[in-house]
Amino acid sequence: MSFNPETRRLSIGLDNGTISEFILSEDYNKMTPVKNYQAHQSRVTMILFVLELEWVLSTGQDKHFSWHCSESGQLLGGYRTSAVASGLQFDVETRHVFIGDQSGQVTILKLEQENCTLVTTFRGHTGGVTALCWDPVQRMLFSGSSDHSVIMWDIGGRKGTAIELQGHNDKVQALSYAQHTRQLISCGGDGGIVVWNMDVKRQETPEWLDSDSCQKCDQPFFWNFKQMWDSKKIGLRQHHCRKCGKAVCGKCSSKRSSIPLMGFEFEVRVCDSCHEAITDEERAPTATFHDSKHNIVHVHFDATRGWLLTSGTDKVIKLWDMTPVVS
């Protein structure tokens, strides 16, 4: 569903691919049917109503993105995605649409009145995209995934920066952003509500380096038969330091540390030299963690009142006062 409070317009996506539109009465006790859009060949997965342009954007299980004119009901255009879409966001100013799908890809399209152009695709998740959130002021896109991570794509910086945020033990189910405080709220299947401070200078995680031997002690890894034979040593298992990205053995990476500015709020493997270099200030958390005590599948954040609504698989709706942490 997609609801616009200004017009009280409610758009509902159905299993047969139809989008039904209603106008709610002022007391919310009556729904008046307006029109139907024959948008998809199978179940509608995401809907977004854009009041400024009078557009209805939608995706379906038919791997198709489409947008309609809400005044005439006419189909304006469409685009076929690589997988079933599970996230949809739109920037009114530039008319860019962001589509996250179950393959883990984020597709960016430029929409015109009757056509669209593929701008680029982002690939950073190892699991499917489960949620998208757009900050039109800082021009940052957040994507949550079934791989338990959130990625911040800095589109406004135009430098290709992608910051990974690791704070969940299960798939991320929903995202919401408080623009006035620059805080991201992520909710997951682990029942966690994580409030991220995005008003700090974060660092990209380094790419993992390839090597046939430990880049600290030069011991061969178990596939490096030549060096094992020459040195008469048994090969070791390869690991990677999350701080510098170097390929290291277990002996040279026996320590664990949190690296909040890199998005690692939990302790992760680091090499011994990086562990010594990380200061207590760098270990200071940049997120707060809260237990909702249910598997969250949907959230809505009311920034004016500081209230967060969560609904879970336990058929329970909870209302949270977030003013103590989102302020």
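Me: Are Glu-21 and Arg-9 buried or exposed?
Reply: The model is predicted: local features need pLDDT of at least 70, side-chain atom pairs count only at pLDDT 80 or more, and totals for chains, interfaces and linings use all residues. Residues are numbered from 1 along each chain as its sequence is written, and side-chain values use heavy atoms, with hydrogens and water left out. Buried stands for under 20% relative accessible area, exposed for over 50%, and partly exposed for what lies in between (1.4 Å probe, protein chains only). On this scale Glu-21 and Arg-9 are both buried.

Me: How far apart are the closest N and O atoms of Glu-21 and Arg-9, and how many residues separate the pair?
Reply: Glu-21 and Arg-9 form a salt bridge, with the closest N and O atoms 3.8 Å apart. Glu-21 belongs to strand β3 (residues 18-24) and Arg-9 to strand β2 (residues 9-13), and the pair links distant parts of the chain. A salt bridge here is a side-chain nitrogen of Lys or Arg within 4 Å of a carboxyl oxygen of Asp or Glu, while strands (E, at least two residues) are DSSP runs numbered from the N terminus. The values are therefore 3.8 Å and 12 residues.

Me: Which strand holds Lys-35, the salt-bridge partner of Glu-21?
Reply: Lys-35 and Glu-21 form a salt bridge, their closest N and O atoms being 3.8 Å apart. Glu-21 is in strand β3 and its partner in another strand, so the pair ties together parts that are 14 residues apart in sequence. Glu-21 counts as buried at 2% relative accessibility, whereas Lys-35 is partly exposed at 22%. The strand that holds Lys-35 is β4 (residues 31-38).

Me: Which residues are linked in a network of salt bridges?
Reply: The structure holds eight salt bridges. Some of the residues involved are linked in a network, namely Arg-9, Glu-21, Lys-35 and Glu-54.

Me: How many residues apart in sequence are Asp-91 and Arg-139?
Reply: The side chains of Asp-91 and Arg-139 meet in a salt bridge at 3.1 Å, N to O. Asp-91 lies in strand β9 (residues 85-91) and Arg-139 in the loop between β13 (129-135) and β14 (140-145), so the bridge ties together separate parts of the sequence. Asp-91 counts as buried, at 2% relative accessibility. The separation of Asp-91 and Arg-139 is 48 residues.

Me: What area is buried between domain 1 and domain 2?
Reply: The protein is divided into domain 1 (124-201 + 293-326) and domain 2 (225-283), with bounds from an automatic or database domain assignment. Their C-alpha centres lie 29 Å apart. The contact (heavy atoms within 4.5 Å) takes nine residues from domain 1 and six residues from domain 2. Carbon and sulfur atoms give 62% of the buried area, the accessible area (1.4 Å probe) that two parts lose on being put together, summed over both, and the total is about 540 Å².

Me: What separation is found between the C-alpha atoms of Leu-319 and Leu-309?
Reply: Leu-319 is found in strand β27 (residues 317-321) and is exposed, with a relative accessible area of 53%. Not counting residues up to four places away in sequence, Leu-319 touches Trp-307, Leu-308 and Leu-309. Leu-319 and Leu-309 are 10 residues apart along the chain, and their C-alpha atoms are separated by 4.6 Å.

Note on methods. Helices (H or I, at least four residues) and strands (E, at least two) are DSSP runs, numbered from the N terminus.
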